[in-house]
Amino acid sequence: MRTMTLNAVAHESDLLDDFSPRVGVSALSIRDARQSPTVLLPDNRIPSMADPYNQAVQHADYRLGDLLGDSQLGLELLTGSHTSLAAPVVGAHTIELGHPSRWLGDGWMMLTTGARLRNKPQVQRDLIVELQEASASCLGFGVGHSFKSVPPALLDEARKRDFPVVMVPEATQFRDIERAVSNSTQSVEASTFIRLSSLQRNLMRALSDANPLQSILQRVGRVLHATVVVMSADGQIKAANGTVPATEIAHELTRLADSEELVMNIGEWHVLASRVEGPCMASPPWLVVASRGIPISGGLTAAVIQITAPLVDAVCRLSATTVAQDRATRESLLDSVLENNSGAADSATLSARIAALGIGFGPECRAVVMRERRGPADRASSAAFSEDAASWLHSALEQSDVPYLLTRRSNEVVVVLCNEATLRSACGNMSMKWPTATVGVGRPIQRLDDVRDSYRDAHLAVQHLDLQESRNLLYYDDLDLVTQLLREVPRERFEAKAASMVEVLENNPTQLEALRAYFANNRDIKLAAEAIYLHPNTLRYRLDRLEQALGRSLREPSVTASLYCVLTLMDRVPERGGSSGDGRRRPADARVVEMHHAFGAATGRQIP
């Protein structure tokens with residue numbers, strides 16, 4: 001943000017209190033004069049703080065009403081409307097030469113005795129025109145020297161243009177006016193410096209609060225008597241000390257997105273906004289000050305924003321760093337638990353670190369696996385989903401203030417969550433955001449060692465959902481008894497006994513394909529043959545060859561059950577073609593699901 005003069009930042013209400021004793025015009029009239037509507041530029045654009053109009057307004061700490069209120073000077077306002085009292089006076093300069101605008105700046109007062117204006121009514125009129133075009137604050141005309149009174153032509157032109165002309169009595173020296181203006185602006189500048197320093201110290205103390213961003217906004221709001229918000233251009237609010245018309249403000253921020261600072265009127269709301277660079281939100285945030293019904297003091301607000309914005313930026317960066325570190329810690333802890341690469345001592349340390357995050361194992365604590373429903377989608381889509389879903393879940397759970405662990409594994413999101421209501425709410429919101437997302441929930445986690453079991457349960461449940469397009473959420477508790485029992489038995493115990501069957505199936509992939517089709521189509525030869533584009537007799541032939549290789553009949557229930565267990569638990573059995581859709585061998589758990597459903601169809605059992 002640009003550097004501003006301290007003269008532009010005094011508090012409006014404080015100025016009224018400080019100046020009222022020596023101002024002849026009432027403080028109320030000055031306040032009313034200041035509450036004029038926002039001026040639009042010629043292109044109907046609301047001026048930003050960098051526009052010349054607002055720069056002039058920002059120097060309005062010492063005003064014409066304040067100068068007229070100095071009884072020792074005896075000044076009298078001859079022309080100019082009620083709003084002229086609020087005209088800024090940043091300096092006073094005596095000029096008796098032609099084209100005085102060469103020596104005047106915005107908000108300056110010209111003092112003259114009219115030595116060059118005698119008998120020149122048109123020159124008198126031209127002087128008023130020139131001063132107004134130069135944005136001079138007013139004309140001080142000294143009488144009793146060249147003129148006994150202010151010339152009529154000059155007053156007539158000033159009235160037409162609503163330009164303030166002040167009569168300076170003969171007894172008042174111009175140097176006294178110049179000194180009064182200079183001393184007043186310097187005193188305002190000094191007091192403003194003190195107050196801004198105090199404000200800055202006050203805001204710095206907010207950094208030690210539990211929620212520093214919220215504390216900063218509350219303190220700034222009390223100083224400005226306004227609502228202060230950190231929000232994005234899409235209307236998302238990061239923090240606020242009150243309510244504002246966020247949708248309407250966001251629309252203006254989007255429309256004028258190229259600007260760094262904006263001043264706008266939205267209905268009865270007066271709004272000043274400045275862009276913040278810190279990573280508070282996904283899109284660039286804005287620091288917004290809004291007041292309902294009461295115009296904002298541009299100079300004060302801009303100066304306070306200049307002080308506040310770097311602090312907001314710092315808080316955002318510190319917060320982003322803290323959040324990133326916290327998320328990395330949660331991911332690392334869960335990865336360590338799932339990989340089971342720690343000894344007893346390390347397990348105790350892991351348990352302590354997990355407990356320090358507020359996670360208490362119990363009936364509501366479960367592992368959850370989330371992923372896109374498996375299908376023809378490419379791996380890049382699944383990876384993008386897991387990344388987006390993990391970030392979204394982190395944010396949602398952080399806002400819920402619920403203890404959790406979260407990590408990403410093989411394009412899946414794995415969460416350990418100990419709150420049933422939050423779990424169901426997150427799953428519902430995720431389904432609305434990602435309709436293709438599926439969620440598997442494991443058994444309750446009573447101790448650290450249960451995390452891996454619950455994770456495997458959730459993984460199995462989410463794989464079952466690949467074959468159940470009508471569902472997006474499945475608890476391990478809802479799986480049938482056979483699947484749960486098979487999941488409990490260590491796979492290595494079957495390897496020796498099932499080795500002969502495994503060898504037959506591995507060596508006869510066409511017979512394996514026939515067996516799967518036979519089971520999947522409820523042992524209907526015709527339907528099974530159609531499913532794999534074979535003649536029914538060819539299918540019968542392949543099944544007969546399989547029976548010969550096994551030395552057993554497929555009509556025997558024990559053979560059917562044995563084949564089901566082998567196909568379910570032995571991950572060395574290849575699928576037709578030996579690979580999944582992405583060119584890799586399908587994991588065993590995927591075949592667990594498929595063959596389990598095939599077995600259910602073959603035996604007539606209802607599979608959940």
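Select Tyr533 first: this residue is exposed, with a relative accessible area of 78% (buried means under 20% relative accessible area, exposed over 50%, partly exposed in between, with a 1.4 Å probe and protein chains only). Tyr533 lies in the loop between helix 18 (525-531) and helix 19 (536-550); helices (H or I, at least four residues) and strands (E, at least two) are DSSP runs, numbered from the N terminus. The phi of Tyr533 is near 60°, a positive value in a residue other than glycine. Most residues other than glycine have a negative phi.

The model on screen is predicted: local features need pLDDT of at least 70, side-chain atom pairs count only at pLDDT 80 or more, and totals for chains, interfaces and linings use all residues. Residues are numbered from 1 along each chain as its sequence is written, and side-chain values use heavy atoms, with hydrogens and water left out.

Next, select Ser135, in the loop between helix 5 (121-133) and strand 4 (138-142). The phi of Ser135 is also positive, near 60°. Ser135 is partly exposed, at a relative accessible area of 38%. Cys138, by contrast, is buried, with a relative accessible area of 0%.

Move to Thr308, found in helix 10 (residues 298-339). Is Thr308 buried or exposed? Thr308 is buried, its relative accessible area being 1%. Display its surroundings: leaving aside neighbours within four places in sequence, Thr308 is in contact with Leu203, Ile216, Val220 and Leu287, where contact means heavy atoms within 4.5 Å.

Centre the view on Leu203. Not counting residues up to four places away in sequence, Leu203 touches Ile216, Arg219, Val220, Ile307, Thr308 and Leu311.

**The disulfide**

Select Cys365 and Cys418, which form a disulfide with their sulfur atoms 2.2 Å apart; a disulfide is a pair of cysteine sulfur atoms within 2.5 Å. The pair links distant parts of the chain, 53 residues apart: Cys365 is in strand 11 (residues 362-372), and Cys418 is in the loop between strand 13 (412-417) and helix 13 (420-433). Cys365 counts as buried at 1% relative accessibility, and Cys418 is buried at 19%. The count by this rule comes to one disulfide. Cys427 counts as buried at 4% relative accessibility.

Helix 14 (residues 450-464) has 15 residues and reaches 21 Å from its first C-alpha to its last, close to the 21 Å expected at 1.5 Å a residue; the expected span is 1.5 Å times one less than the number of residues. Helix 14 is mostly covered, with 13 of its 15 residues buried.

Finally, colour by pLDDT, the predictor's confidence in each residue, from 0 to 100. The protein averages 76, and 73% of the residues score at least 70. Over residues 1-60 pLDDT stays under 50, and over residues 570-608 pLDDT likewise stays under 50. Where pLDDT is low, the predicted coordinates should not be read in detail.
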